[in-house]
Amino acid sequence: MRSLGDFDVAEEAVQDSLVAALEHWPRDGIPANPGAWLMTTARRKGIDRLRRETRYREKVAQLEETPMATSSMPDERLELIFTCCHPALAREAQLALTLRSVAGLTTAEIARAFLQSESTIAQRLVRAKRKIVAAKIPFRVPEGHELPDRVNEVLAVLYLMFNEGYLATGARGAMDRDLAAEAEWLTSLLARLMPDEPEVLGLLALMRFNLARADARLDSDGELVLLRDQDRAKWDRRKIDETFLLVGRFLRMRSPGVYQLQAIIAGAHADAKSWETTRWPEILRSYDSLITYGDTPVVRLNRAIALWHVDGPAAALADVDALSSELSGYHLFHATRAELLRALGRTADARAADERALELTENPAERALLARRLAGRSR
């Protein structure tokens with residue numbers, strides 16, 4: 001992107017270089033520095049594409065005379081995230097473009113993340129890439145004084161990227177640990193850039209608490225294990241303890257926000273030695289605080305689960321049913337409702353809710369879990 005100055009050409013050049021690698025590497029062997037090979041090949045492919053278009057003749061000449069640009073950043077994807085999250089782009093376009101270009105999500109996966117159609121997301125991606133070229137948006141991390149105004153969009157992208165990896169959809173399988181780990185790595189880079197930004201630390205802590213129990217989330221057959229049934233001996237206690245030090249850092253800053261509160265909730269779960277010792281009243285209070293910063297239907301759905309364990313399933317079901325118009329197309333709404341109905345002895349209604357949840361999810365681990373419920377089997 002930095003060398004070629006055109007989003008579409010850069011994307012196509014990278015794809016061409018990967019095809020070239022598939023053609024040459026099996027025959028010639030993997031090069032000593034695969035990344036450099038891909039970069040050099042992509043640059044050459046990009047120049048070839050530009051050369052074929054007469055309107056880029058001057059740019060080609062400039063590229064051929066200019067050495068390849070270098071970056072001082074430890075990971076150029078962070079620069080690409082800031083490019084995609086430029087304020088000249090609409091927020092929805094920022095999120096979609098970054099998930100496509102940095103995280104490598106398909107248009108279908110992004111559409112599911114936004115609960116929108118593929119065609120809507122595809123049009124949004126095309127418009128965003130054209131805007132970057134037309135507005136001559138630079139490929140760089142903003143200067144220090146610019147960072148605070150740009151960080152919210154970047155955090156939103158990293159959060160969605162992590163969630164897609166932590167419980168992946170469609171062809172990615174039940175869990176794409178590489179994608180989740182990449183999101184955590186990029187967030188840690190952002191924390192180095194902005195060590196005094198509490199929301200960056202909050203998101204990093206949230207990711208690390210969740211990754212600390214990743215080994216217990218799926219069984220040997222790749223089937224999902226719910227939090228209450230997980231073998232907590234498999235949780236990474238060292239990582240959990242280290243993450244609480246991160247929590248201490250942002251708490252001392254006394255500037256609460258959405259990601260910090262979610263990290264506190266995740267920390268309360270991580271700190272519980274058993275399901276029975278989970279501090280549900282504390283978690284419920286954290287959700288109440290979270291609603292004051294980011295009142296969304298999904299947050300209220302999660303709050304209802306905490307309410308269930310404090311005031312009982314009837315109170316929680318009333319809150320969940322109030323979200324039906326907003327979350328009718330969200331599989332976890334129906335799955336949560338099914339659990340509450342089951343707890344109230346309404347077996348037939350619970351089965352119907354589970355069937356609807358099964359219709360709405362493509363995640364293989366979630367589908368297997370719902371199928372077990374419908375078959376009357378449990379873990």
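Author: In this predicted model, helix α17 passes helix α18 in a left-handed crossing. α17 covers residues 331–343 and α18 covers residues 347–360; their axes come within 8 Å and cross at roughly 160°. That angle makes α17 roughly antiparallel to α18, because angles over 145 degrees are counted so.

The contact is made on the α17 side by H331, H334, A335, R337, A338, L341 and R342, and these meet D349, A350, A353, D354, R356, A357 and L360 of α18. By class, the residues of this contact divide into seven nonpolar, two polar and five charged. The spacing of such lists can be read against a general rule: an α-helix has 3.6 residues a turn, so residues three or four places apart point the same way.

The length of α17 agrees with expectation: its 13 residues should span 18 Å at 1.5 Å a residue, and its end C-alpha atoms are 19 Å apart. The buried residues of α17 are H331, F333, H334, A335, T336, A338, E339, L340 and L341. The surroundings of these buried residues include α18, but they also pack against α14 (297–311), α15 (313–321), α16 (324–327) and α19 (364–374). Just after α17, G345 takes a positive phi of about 80°.

Helix α5 (residues 91–101) and α8 have axes that come within 10 Å and cross at roughly 45°. At this angle α5 is oblique to α8, and the crossing of the two helices is right-handed. R91, Q94, L95, T98 and L99 of α5 make the contact with N152, E153, A156, V157, L160 and M161 of α8. The contact of α5 with α8 has six nonpolar, three polar and two charged residues.

α8 (147–166) is also one of the helices against which the buried residues of α12 pack, together with α10 (198–212), α11 (237–252) and α13 (280–293). α12 itself spans residues 258–271; its 14 residues reach 20 Å from the first C-alpha to the last, close to the 20 Å expected at 1.5 Å a residue. The helix is mostly covered, with 11 of its 14 residues buried. Those buried residues are Y259, Q260, L261, Q262, A263, I265, A266, G267, A268, H269 and A270.

Two loop residues remain to be described. In general, most residues other than glycine have a negative phi. R254, in the loop between α11 and α12, has a positive phi near 50° although it is not a glycine. R254 is exposed, because its relative accessible area is 74% and the cut-off for exposed is over 50%. K136, in the loop between α7 (118–134) and α8, likewise is a residue other than glycine with a positive phi, here near 55°. K136 has a relative accessible area of 72% and is therefore exposed.

Key. Residues are numbered from 1 along each chain as its sequence is written. This is a predicted model: local features need pLDDT of at least 70, side-chain atom pairs count only at pLDDT 80 or more; totals for chains, interfaces and linings use all residues. Side-chain values use heavy atoms; hydrogens and water are left out. Axes are lines fitted to C-alpha atoms, for helices over the stretch in contact, and angles run from 0 to 180 degrees between N-to-C directions. Helices (H or I, at least four residues) and strands (E, at least two) are DSSP runs, numbered from the N terminus. Angles under 35 degrees count as roughly parallel, over 145 as roughly antiparallel, 65 to 115 as roughly perpendicular and the rest as oblique. A crossing is left-handed if the near helix is turned anticlockwise from the far one by less than a right angle, and right-handed if clockwise. Contact means heavy atoms within 4.5 Å. Ala, Val, Leu, Ile, Met, Phe, Trp, Tyr, Cys and Pro count as nonpolar, Asp, Glu, Lys and Arg as charged, and the others, Gly among them, as polar. The expected span of a helix is 1.5 Å times one less than its number of residues. Buried means under 20% relative accessible area, exposed over 50%, partly exposed in between (1.4 Å probe, protein chains only).
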